Number of protein chains: 4
Amino acid sequence: MNDLNGYFAALPTPFTDRQGAIAEGSLDDLVERLVTSHLSGLYVGGSTGEAFLLSEQERAALLRRVARTCAGRSTLIAHVGDPDPALSGRLARLAAEAGYDAVSAVPPFYYRYGFEEILRHYEWLAGQTDLPFLIYNFPALSGVHWSADQIAQLCDLPNVVGVKNTCGDLFAFESLRRLRPEARLFHGFDETLLAGLSMGADGGIGSTYNIQPDRIVAIDAAFRAGDMDTARSLQADANALIEAMVAAGVIPALKYLLTRSGIPMGDCRPPFGQLDADARAALDAAADRYIPA
Amino acid sequence: MNDLNGYFAALPTPFTDRQGAIAEGSLDDLVERLVTSHLSGLYVGGSTGEAFLLSEQERAALLRRVARTCAGRSTLIAHVGDPDPALSGRLARLAAEAGYDAVSAVPPFYYRYGFEEILRHYEWLAGQTDLPFLIYNFPALSGVHWSADQIAQLCDLPNVVGVKNTCGDLFAFESLRRLRPEARLFHGFDETLLAGLSMGADGGIGSTYNIQPDRIVAIDAAFRAGDMDTARSLQADANALIEAMVAAGVIPALKYLLTRSGIPMGDCRPPFGQLDADARAALDAAADRYIPA
Amino acid sequence: MNDLNGYFAALPTPFTDRQGAIAEGSLDDLVERLVTSHLSGLYVGGSTGEAFLLSEQERAALLRRVARTCAGRSTLIAHVGDPDPALSGRLARLAAEAGYDAVSAVPPFYYRYGFEEILRHYEWLAGQTDLPFLIYNFPALSGVHWSADQIAQLCDLPNVVGVKNTCGDLFAFESLRRLRPEARLFHGFDETLLAGLSMGADGGIGSTYNIQPDRIVAIDAAFRAGDMDTARSLQADANALIEAMVAAGVIPALKYLLTRSGIPMGDCRPPFGQLDADARAALDAAADRYIPA
Amino acid sequence: MNDLNGYFAALPTPFTDRQGAIAEGSLDDLVERLVTSHLSGLYVGGSTGEAFLLSEQERAALLRRVARTCAGRSTLIAHVGDPDPALSGRLARLAAEAGYDAVSAVPPFYYRYGFEEILRHYEWLAGQTDLPFLIYNFPALSGVHWSADQIAQLCDLPNVVGVKNTCGDLFAFESLRRLRPEARLFHGFDETLLAGLSMGADGGIGSTYNIQPDRIVAIDAAFRAGDMDTARSLQADANALIEAMVAAGVIPALKYLLTRSGIPMGDCRPPFGQLDADARAALDAAADRYIPA
């Protein structure tokens, strides 16, 4: 098994056209590029991958193909979260068979479950395989809010080894860090990576890592070397790029920028709209300035 | 086609056991009971029906079986909302073939789309069939917030005839009423039905209608007769029951109360937990007092 | 003592000019007009009265002058809420001496107190005089959120007789109605008055009552007569006017419309801005249509 | 004028007893202790100082006495924010006369002003003196939410030199840092100081600085030396203490801990409640462990 450390790109899913199938060639090319980068691995089939706009068959095919292309050269985390636990369970078992190194899932969303219900869910889901499991804390989209104590309880479930923490509450995060010093804590907001590291994150998982992998790794290196001026300067450049992506919509912007970099990604599936000329021009300008050649 | 007026029970889905299949006999019995009540019809496959915990095959089977059992004796609205528009489209077309009278859908949730993206989505989805379409405004669970003007724009889409409005903002609702006098506006919070009617609702759609259909129809009758004392008294009794259901969890409580009334519904699927003895006792007490024999 | 029933105008405060003093002549004229309307009384020195932009001396002078002008012809409620309890206490005692019929206060805001702290505060404040006391539930501005049970506890404090409820949660409101059938419950959102009445409100307190007192009283009369069509039509007209006021800012709009009706109110104090020509034109158009001559 | 850099304790206000006056001796002692610490100065008359529970006379007396005791040995920032701008203006002018080095104010709260209204307010208030002015961004208590662009606009007003930023949105903060490289940006949440520094804060202002001044200064020193392990360890200790304070209520806890350290602070004024024996015991335990002798 590969080690669960460092920085993971949250992989987007390329499509042949707007209503079309997964673009397998582009997928292979993107995986190849990332596997040979300095990132530690990939987080596959999550929010960035438009997972909730894919059918179960497509989610399964995506997980399988990435594993085959990666072929053990990089650490792979399979995201299997869904409103429907049964679907999550099937994807988790598939991921284990396909050779993934870890499983992760956003809490089941839409219905407002109590914490005890969520705890039982994760206990069940993490028990579907023998793989290490990462809780995914993402209140802005899941609508599920946890205290540090509650996340610590989730960390104590069998197989659970840590958390992908995409949450602005760094006070709670630092409490969690002290409560569970051994947990693997990954920061999920690319634009505050340095803040997350300073409060105790071990690494990060993010969508913009796809387009600026070297800068992310360089932030980490500067941080660990105690060169905070360099780290801040790198974070500032990252954020200038991310601001432009947020303005256009992060996932559509990411696919546009990857296409521009030579790997045709297609548009996002509806309901995501398509970027207009102004949005593309703004992204071009940001890319010219902030994406190193 | 049946008329889209009055009061519709949001149908729960009975299961044979906690991990089990749809209980077809119970489903038939519940549909039969509701079809022969004074309600106008059923809202099938929505939040109350645990739609997001069903597979696509189960959602399709549920829609088909209810239509066959109903056999045109009642007005049927198919809920087809999902994070994945393609799935919604398939269910909408299936509903049309199965003989439904109308289609409805919660906006696609999880990702935060802009209003223009949501508008295009509904235009596409409502155009998948020739059936009348009801927008579903449910910000508490969908996370999607609309102004009165925005809902009015949605009402102008081809095939859209109205709104299931499960939203506490009655100022916006009354504005919508004036903006679109011809729209069919259904109030979605059972506990404030009388408030919704007083601000211009045409009828209602709700989960507790399954267990108190006569009281709901009586609230409407008293309201239309101008007997507000009776209407308020009926609403008060409804709310005493609903309070007990909210305390236990509305969908689990509804299934328990229906089971108690003679139609075995089974538990909700996980992640929903099971009612403990205290919760069941509290519901028994509420039912003894507030559900007429 | 006058009776605490019916409809109360939340009185705005006229100023001689933008940085100037309270315009006593206009104040007298407005009080005179309202006292001789069909409203039950006045709610003096509250949010609508720009209380938090007045000095303590001005708040005291305002309370005194209104009482003298009213001279027992109408029921007077003094609002004494403030972040500083000591100031609230002084104003409450002054109100009692000045002949007010009741005292009311928004909970102390800014700091986030626990419910027990708020309860002790109201116990103390309501005990500063022998007058009946109205709790003011206004979460949107105070930031203080209460459950129905908590409001019921506040209603049980000595001297507390009821609640000014400016809160969109009509489920909680109806629960409170059943928990405390004897409490005087006043609806505080003019735009949903009919919804509040249908869920059990006894009357209302509102800022737009100043400019449409007859319509408010007519809504009540139609509601009590069971003529819901008339009631809804009146509420619709009220809301068309209120929409225009909300667009301009309710308090500045109210002062503009009262000035237009013959009582010079001056502008609101800063930080409130002044209405521009477009805002005034929109209010003129709304007034021409929705304020009866 | 003293320089506006480094770390400032948000000064609490000691009282002689629960309904009593400002305890001048304790105030002098606390100021003396802080002035001779390694902190840069004091932030006087703000939220921590229970400003909104003081009369105008008390706020003025507090500002004057602190200035007299400090006697130019430390940098003094006067907080003059209030719902009432006129009061803020009087306090600002008084602060200038009393020898303060800077003025700061939370935006006027309770009413929901538009940004343009807030901008005009700050323009006016910052113009009341010739002193440098710090905007205070504290959405959790003020209810006022600003984008990075809006804060940048506020920074461009005459006399405005920077921001006390007590806000969890570090993405916006970093954007502001790039938009206004020359602005003095102070981090306001003690528990995330290191995160704020890593995203570009120049220093900090906080209430727990009163009880752990050396640790705060040590966090800064470690950060600037690039010794992030030490910085994180110090932040972890700070947070363990802060967690205990949050559980008890930060301001009451701060006064208790200062009293315990030898300067009698009295209780907070009502509506703040008093600490019970359990809360005091928990604070004792935290202090024994995390407050250096």
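Predicted model: local features only at pLDDT ≥ 70, side-chain atom pairs only at ≥ 80, totals over all residues.
Strands of a sheet pair through backbone hydrogen bonds, and the pairing can be parallel or antiparallel.

Step back from that pair and you can follow the sheet around: in chain D, 8 strands close into a barrel with parallel pairing, in the order β1-β2-β3-β4-β5-β6-β7-β8. On average, neighbouring strands of this sheet are turned by 25 degrees against each other, direction ignored. Helix α2 (residues 56-70) of chain D packs on the sheet, where it touches β2 (41-44) and β3 (75-79). The direction of α2 makes about 180 degrees with that of β3 in chain D.

## The barrel of chain C

Chain C also has 8 strands closing into a barrel, ordered β1-β2-β3-β4-β5-β6-β7-β8 and paired in parallel. From one strand to the next, the twist averages 25 degrees.

Helix α4 (residues 115-126) lies across β4 (102-105), β5 (133-137) and β6 (160-165) of chain C, and runs at about 145 degrees to β5.

## A helix that meets another chain

Now look at helix α9 (residues 213-224) of chain C. Its 12 residues reach 17 Å from the first C-alpha to the last, close to the expected 16 Å. Its buried residues are C:Pro213, C:Arg215, C:Ile216, C:Ile219, C:Asp220, C:Ala222 and C:Phe223. In an α-helix there are 3.6 residues a turn, so residues three or four places apart point the same way.

What do the buried residues of α9 in chain C pack against? Within chain C, they meet β1, α8 (193-198), α10 (228-248) and α12 (277-290), and they also pack against α10 (228-248) of chain B. Just after α9 of chain C comes C:Gly226, with a positive phi of about 75 degrees.

## Cysteines

B:Cys167 is buried, because its relative accessible area is 15%, under the 20% cut-off.

In chain C, C:Cys155 is likewise in no disulfide, the nearest cysteine sulfur being that of C:Cys167 at 13 Å. C:Cys155 has a relative accessibility of 10% and so counts as buried.

Chains B and A are in contact through 29 residues of chain B and 29 residues of chain A. Between them, they bury about 2,500 Å², with 64% of it on carbon and sulfur atoms. On the chain B side, B:Tyr110, B:Tyr111 and B:Pro271 lose the most area to chain A, together 34% of what that side buries.

Other pairs of chains stay apart. Chain A and chain C have no contact, and their closest C-alpha atoms lie 18 Å apart. Chain B and chain D have no contact either, with 18 Å between their closest C-alpha atoms.

Methods: Residues numbered from 1 in each chain as written. Chains lettered and ligands numbered in written order. Heavy atoms only, no water. Pairing = 2+ DSSP bridges. Helix = DSSP H or I, 4+ residues; strand = E, 2+ residues; numbered from the N terminus. Axes fitted to C-alpha atoms, helices over the stretch in contact; angles between N-to-C directions. Contact = heavy atoms within 4.5 Å. Expected span 1.5 Å × (residues − 1). Buried < 20%, exposed > 50% of the residue type's maximum accessible area, 1.4 Å probe, protein only. Disulfide = S-S within 2.5 Å. Buried area = accessible area lost by both parts, 1.4 Å probe.
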